[in-house]
Amino acid sequence: MSTSLQLNKFLVYRLVFLIVFMGYFKTGANESDSLFKVIEKMDQDSLKIEFLLSNASEIQNTNPDIAMELLLKAEGIAVNIENNFELARISYMKGELHYTKGNYREALFELFNSLDLHEKNENEKGIADTYNKIGSIYIYQGNYPNALDYFLKSLNIKVEINDTIGISNTYSNIGNIFYEQGNYEQALNYFFKSIEIDKIRNNEQGMAKTYMNIGTVYLSQGDYDNALEYNFKSLAVHEKNDDKQSIACCYSNIAIAFEEQGDFEKALINYKESLEIYNKIGAKQGIASTLYNIGYFYSMSGNYTKSIENLKESLKIAQEIGSLRDIVKISYALSDAFRAIGKFKEAYNYFIHYKLNNDKLNSEENIRKFTQLEMQYEFDKKQKEQEYIQHQKELAHQAEIKRRNIILVSLSFGILLLFLLVFIVYRNYRRKKRDNELLQKQKKEIEYQHDQISRQKQSITDSIHYAKRIQTALLPPDEIVNNLLPEYFILYEPRDIVSGDYYWISQKEEKVILVAADCTGHGVPGAFMSMLGISFLNEIVNKEIELKSDVILNELRNYVISSLRQTGQTGESK
């Protein structure tokens with residue numbers, strides 16, 4: 001029997017088995033043990049793995065726990081036969097399940113394992129899909145620079161392999177980053193790019209997800225009619241495909257729109273529908289988000305007891321899964337709710353929690369890195385477009401030369417044209433070689449400069465850290481403060497490693513002198529001023545002066561004026 005015939009028979013056998021047992025699983029055997037007994041009767045490991053993965057994929061949004069059991073069974077078989085290609089697929093699907101349930105740490109572990117296996121297998125599509133999923137998790141963790149970095153990596157590969165559906169999906173994900181950053185115009189730009197591709201490819205499910213994203217943007221812009229229209233369009237498709245997680249998300253978005261329009265009864269019904277589905281599939285991120293929405297709803301209705309109850313539960317889950325963006329908005333809502341009922345201590349504590357996490361989420365470093373990545377992507381995109389145009393011109397030029405060559409050959413001038421063609425090709429080759437050498441030289445120079453800058457930055461940072469040790473050594477030791485004050489706490493948080501703030505304490509003539517000072521400036525300049533202040537205070541208090549606040553402060557002022565040589569003239573330090 002020929003190899004081709006054997007292969008065809010195997011494919012037919014595999015397809016029939018999948019259809020029969022997929023139907024069996026759906027209609028009768030709901031328990032995984034029964035399914036595993038059926039699998040044991042199959043005689044080929046590759047068929048068992050394909051069967052398990054197909055079923056797991058179909059039920060991952062409706063019964064993620066059984067789906068995980070199927071994946072673990074498939075993983076055991078794939079390990080035994082050392083099938084790295086299937087192991088990469090299994091790790092990716094396990095990552096998806098953890099992502100659906102909000103277990104982001106476990107999801108990233110599985111996805112990076114899948115990425116490693118895909119790279120070893122040189123599976124470009126697998127690499128691109130995994131990059132895309134990793135980026136999605138980083139969005140929920142509030143790590144937008146990393147998210148955009150992985151989306152752009154994914155997009156570059158998908159463009160190269162012409163994976164149009166994948167390009168559409170990545171455009172939608174990049175739009176989500178701009179949405180989270182509050183750049184709604186750019187978000188809609190990427191969402192509609194995604195829709196255009198999906199319409200051409202008739203990718204109904206892809207369009208449904210992007211419709212929901214567009215509805216979310218309109219919701220944030222206060223355009224509730226359009227928000228409802230796009231979410232209902234999305235809901236219809238997801239209900240047809242029984243995509244429970246997306247159904248729950250649509251219900252939540254629809255509830256928000258109804259709430260903003262003042263239809264509170266419909267809003268609460270949709271919130272509860274959403275929460276019920278998320279609880280059934282164990283989607284922690286969805287549960288946290290919906291509990292927040294319900295808490296906010298009760299807060300707006302004046303029922304602060306129920307509001308705080310839902311918000312606290314939402315915050316607990318958000319902290320468990322490490323969703324920084326959710327922690328920020330939930331903390332703010334809890335602060336507002338406690339303030340409304342007059343519990344100002346709790347309100348203050350939650351506001352501090354909100355402020356610290358919000359600063360972390362929107363740090364200048366994140367914004368800078370995000371902007372750099374965006375600019376780099378636009379530059380690479382334009383460069384590739386120019387290369388593509390140039391390539392098309394070269395192809396057209398070569399086609400014209402070939403056409404002329406054929407005509408001239410028919411007229412007995414083929415040899416002359418062939419010589420001319422060789423000359424042109426050789427000249428272009430020399431030119432390209434020269435250009436490549438120049439590019440390599442420029443690349444090395446850029447890499448050298450980048451290395452020098454990195455070294456200088458590290459040296460400066462090390463110096464500042466050492467300065468911090470010196471500054472910390474000048475602050476009052478704990479044992480002195482403990483002896484002088486019965487009850488106290490110290491909140492000392494330098495903004496830029498070293499601080500322009502300082503505290504100082506001493507005892508003289510039965511009096512305790514305590515200073516908390518804020519110097520002009522922060523970072524290194526402020527640190528210099530704080531060290532001067534500590535030194536001056538030590539000297540002033542040891543002098544024979546009257547121990548009163550105004551006397552000490554005026555003396556400190558004189559010391560500063562004298563040390564910095566301040567005479568009031570223009571141009572001197574102030």
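From α16, the residues Y304, S307, I308, L311, K312, S314, L315, A318 and Q319 touch D326, I327, I330, S331, A333, L334, A337, F338 and A340 of α17. Sorted by class, that contact holds twelve nonpolar, four polar and two charged residues.

A reminder before I go on. This is a predicted model.

Now the geometry of that pair. α16 covers residues 304–321, and α17 covers residues 324–340. They pack at an angle of about 155°. Their axes are 9 Å apart. Angles over 145 degrees count as roughly antiparallel, so α16 and α17 are roughly antiparallel to each other. The crossing of α16 past α17 is left-handed.

Let me step back to the whole chain. It has 574 residues, and 41% of them are buried. The secondary structure is 23 helices and two strands. The accessible surface comes to about 33900 Å². Carbon and sulfur atoms account for 53% of that surface. Then the contacts. Take those between residues at least 6 apart in sequence: 55% of them join residues at least 24 apart.

α10 is residues 184–201, and α11 is residues 204–221. The packing angle is about 160°, and the axes are 9 Å apart. So α10 and α11 are roughly antiparallel to each other. α10 passes α11 in a left-handed crossing.

Which residues of α10 and α11 meet? On the α10 side we have Y184, A187, L188, F191, F192, S194, I195, D198 and K199. On the α11 side we have G206, M207, T210, Y211, N213, I214, V217, Y218, S220 and Q221. By class, this contact of α10 with α11 has eleven nonpolar, six polar and two charged residues.

α11 has another partner, α13. Here the packing angle is about 20°, with the axes 11 Å apart. Under 35 degrees counts as roughly parallel, so α11 is roughly parallel to α13. α11 passes α13 in a left-handed crossing. α11 brings K209, M212, T216 and L219 to the contact. α13 brings S246, C249, C250, N253, I256 and A257. The classes in the contact of α11 with α13 are six nonpolar, three polar and one charged.

Is N293 buried or exposed? Its relative accessibility is 9%, so N293 counts as buried. Set aside the neighbours within four places in sequence. N293 then contacts S252, I256, E259 and Y271.

Take D242. D242 sits in the loop between α12 (224–241) and α13 (244–260). With a relative accessibility of 37%, D242 counts as partly exposed.

Then I497. Where does I497 lie? In the loop between α21 (478–484) and β1 (501–508). I497 has a relative accessible area of 27%, so I497 is partly exposed.

I406 belongs to helix α19, residues 364–410. At 54% relative accessibility, I406 counts as exposed, because the cut-off for exposed is over 50%. Its C-alpha is 9.2 Å from the C-alpha of L417. In sequence, I406 and L417 are eleven residues apart.

F528 is part of helix α22, residues 523–542. F528 has a relative accessible area of 55%, which makes it exposed. F528 and A467 are 61 residues apart in sequence. In space, C-alpha to C-alpha, F528 and A467 are 9.6 Å apart.

To recap the pairs. α16 with α17 is roughly antiparallel. α10 with α11 is roughly antiparallel. α11 with α13 is roughly parallel.

Methods. Residues are numbered from 1 along each chain as its sequence is written. This is a predicted model: local features need pLDDT of at least 70, side-chain atom pairs count only at pLDDT 80 or more; totals for chains, interfaces and linings use all residues. Side-chain values use heavy atoms; hydrogens and water are left out. Axes are lines fitted to C-alpha atoms, for helices over the stretch in contact, and angles run from 0 to 180 degrees between N-to-C directions. Helices (H or I, at least four residues) and strands (E, at least two) are DSSP runs, numbered from the N terminus. Angles under 35 degrees count as roughly parallel, over 145 as roughly antiparallel, 65 to 115 as roughly perpendicular and the rest as oblique. A crossing is left-handed if the near helix is turned anticlockwise from the far one by less than a right angle, and right-handed if clockwise. Contact means heavy atoms within 4.5 Å. Ala, Val, Leu, Ile, Met, Phe, Trp, Tyr, Cys and Pro count as nonpolar, Asp, Glu, Lys and Arg as charged, and the others, Gly among them, as polar. Buried means under 20% relative accessible area, exposed over 50%, partly exposed in between (1.4 Å probe, protein chains only). Accessible areas come from the Shrake-Rupley method with a 1.4 Å probe; for residues, only the protein chains shown count as cover.
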